[in-house]
Amino acid sequence: MTKDTLYNYTLHLADNALILAQRNSEWCGHGPVLEQDIAITNISLDLIGQARSLYQYAAEVFNKKEGREATEDSLAYLRDVREFKNCLLVEQPNGDWAQTILRQFFFSTYQYGLYQQLQQSTDATLAAIAEKSLKEVTYHVRWSSEWVIRLGDGTAESHDRLENALDELWMFTGELFTPAGYELDALKAGFGVELTALKAAWEQKVNEIFAEATLPDAASRAGVWMQTGGKEGVHSEQLGFILAELQYMQRAYPGAEW
Amino acid sequence: MSVQELEKIFLDKIEQEIKIEPKDWMPDAYRKTLVRQISQHAHSEIVGMLPEGNWISRAPSLKRKAILLAKVQDEAGHGLYLYSATETLGTTREQTIVDLHSGKAKYSSIFNYPTLTWADIGAIGWLVDGAAILNQVMLCRTSYGPYARAMVRICKEESFHQRQGFDILMALSKGTPEQRDMCQDAINRWWWPSLMMFGPHDSESTNSEQSTKWKIKRMSNDELRQKFVDMIAEQVKVLNMTLPDPNLKWNEQTSHYDFGEINWAEFWNVVKGNGPCNKQRLDARRKAWDEGAWVREAASVYAAKRKAREEKKEEKQIA
């Protein structure tokens, strides 16, 4: 089963959504202003919703083939670090508000292009999940773009913090467009998305928003070494701690119903 | 018009159950009482996000995680409505937050207790939100219009919160022996603090009498507390759990449950700041506020820049 393309591809999409939801939810109750506390929590809720649909589908694919019982929760709570297929970007720490915003902007802009293509997937379930999620993601892109502009063109301090966030996060953006084995296989099988084709539109959007935010464009970072590995299960040290917290109850009380 | 005449109009309105609205004349003491009470209520919503927020990252299933996250987000929304209601009385959100952080303004003491296990999330929903609802249902009929209207919206969401809390405990009560122990333990720890939420005995409550005259409050602390005990003493049977009070007993004559005396020394100590989490809760709020200062500043500077640019554009177009 670990070699099944549809299963792995769906898990990858689900893991991205879950891990970013988990990160964003850390802000709940601690946001810089009440309205934005609510907004970031909303995004977190949208992402949990996407993750649940995708895990449910992955479980269905698994159960059909293996005849064993996987559920959305067994997939989220009982796999270990090396089995998680999320990209490195989403597991990065929240840092300050600038870092959280920029992470969201990079990811949502990527997810927007991805889901747009995925709507045409030959896999009807993935296409339907993409279509439904796209409405939410459109809002995530708008919200995070507005904040990038606000911080970039706000005060000297907010501009510096955003540049600092850029230094922290840019190295994780390359992985978004570097296909993992199951992404290539998914493309061949007809239900995946051509990632390299998404890159140009992503860069264009980033440049457009960065220009308004008075930040240097993507070309200025052309030489930055890109980190990869998350999608193949080779993560940063962050993920182990995220899972320790996320999975604690299911690990401490195996088999219990909640 | 003289103050006496204005006051008469005001009291007549209260008498005739006509809501007092922001632009109406009102006695200073009425305004002050409301600002104190509504801002305290708003702060309770915001500080109350912390003990439950603790468990968002550790919620035991994706469904529970989503429900809890949505619930805590609702509390933030309630805080917003209530801060807005305070603003209609001429006190800004910033000012009320400064008062919270300085310790001048209070919030509900219940949130100074720690959430140690997942069952605490259930107990908070069932007992804490359950106690809050009784108070809030009464406040839907309070004399100040914006406060009453905010309460109507809040009550709708709170009853959902109480159900989700009960639902968490229900699942535990049907679970493994460890889950049942966890459930009983949480009920044991949250029961007495929940009773304290209704405040001191009527005979000791300094603000109550005037608030009742002005119809801000419409039931006394002890009346509400009794109502709560009667409700919970029945619901706990459905869970097959018990309440930690040997004196809890149905009284045929009064048609109410009798119950034991609250530990008032503990109550007053937590109010004064000596609860297990008072310091931690206020520190968390101050930290969020202080670390958010540069964000709020950037947003307002950017808004001003944008406005100036748009005005310039308009000038050019006119020229």
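Predicted model: local features only at pLDDT ≥ 70, side-chain atom pairs only at ≥ 80, totals over all residues.

**Chain B in outline**

Chain B contains 12 helices and 2 strands, and, read from the N terminus, its elements follow the order α-α-α-α-α-α-α-α-α-β-β-α-α-α. The C-alpha trace of chain B extends over about 80 × 55 × 35 Å along its principal axes.

**Helix packing around α9 of chain A**

Two packed helices are described by the angle between their axes and by the distance between those axes. In chain A, helix α6 (residues 124-152) and helix α9 (residues 196-212) have axes that come within 8 Å and cross at roughly 40 degrees. An angle of that value makes α6(A) oblique to α9(A), and the crossing of these two helices is right-handed. On the side of α6(A) the contact is formed by A:V141, A:S145, A:V148 and A:I149, while α9(A) contributes A:K205, A:I209, A:F210 and A:E212. Sorted by class, this contact of α6(A) with α9(A) holds 5 nonpolar, 1 polar and 2 charged residues.

Helix α5 (residues 97-118) of chain A also packs against α9(A), at an angle of about 140 degrees and with the axes 10 Å apart. Angles over 145 degrees would count as roughly antiparallel, and α5(A) and α9(A) are therefore classed as oblique to each other. Here too the crossing is right-handed, with α5(A) passing α9(A). The residues of α5(A) in this contact are A:L102, A:F105, A:F106, A:T109, A:Y110, A:G113, A:L114 and A:Q117, and those of α9(A) are A:L198, A:W202, A:K205, A:V206, A:I209 and A:F210. By class, the contact of α5(A) with α9(A) divides into 10 nonpolar, 3 polar and 1 charged. From α9(A), the residues A:K205, A:I209 and A:F210 take part in the contact with α6(A) and also in the contact with α5(A).

**Cavities and a pocket**

| Space | Volume | Lining by class |
|---|---|---|
| Largest cavity | about 150 Å³ | 10 nonpolar, 2 polar and 3 charged residues |
| Second largest cavity | about 50 Å³ | 2 nonpolar, 2 polar and 5 charged residues |
| Second largest pocket | about 600 Å³ | 10 nonpolar, 10 polar and 6 charged residues |

The largest cavity is lined by 15 residues, of which A:L34, B:I46, B:I97, B:R285 and B:W289 are the closest to its centre. The elements giving two or more residues to this lining are α2 (34-66) of chain A together with α2, α4 (93-102) and α11 of chain B, and the largest share, 4 residues, comes from α4(B).

The second largest cavity is lined by B:I14, B:E17, B:I18, B:K19, B:R141, B:T142, B:S143, B:K215 and B:R218.

The second largest pocket holds about 600 Å³ of space, and of its 26 lining residues A:E26, A:W27, A:C28, A:H30 and B:K287 are the closest to its centre. Two or more residues of this lining come from each of α2 (28-53) and α11 (278-291) of chain B, with α11(B) giving the largest share at 6 residues.

Note on methods. Residues numbered from 1 in each chain as written. Chains lettered and ligands numbered in written order. Heavy atoms only, no water. Axes fitted to C-alpha atoms, helices over the stretch in contact; angles between N-to-C directions. Parallel < 35°, antiparallel > 145°, perpendicular 65-115°, else oblique. Left-handed = near helix turned anticlockwise from the far one by under 90°. Contact = heavy atoms within 4.5 Å. Nonpolar A, V, L, I, M, F, W, Y, C, P; charged D, E, K, R; others polar. 1 Å grid on protein atoms, 1.4 Å probe; cavity = no way out; pocket = protein on both sides within 12 Å on 5 of 7 lines; lining within 4 Å. Points joined across faces, edges and corners; volume = space filled by probe spheres on them.
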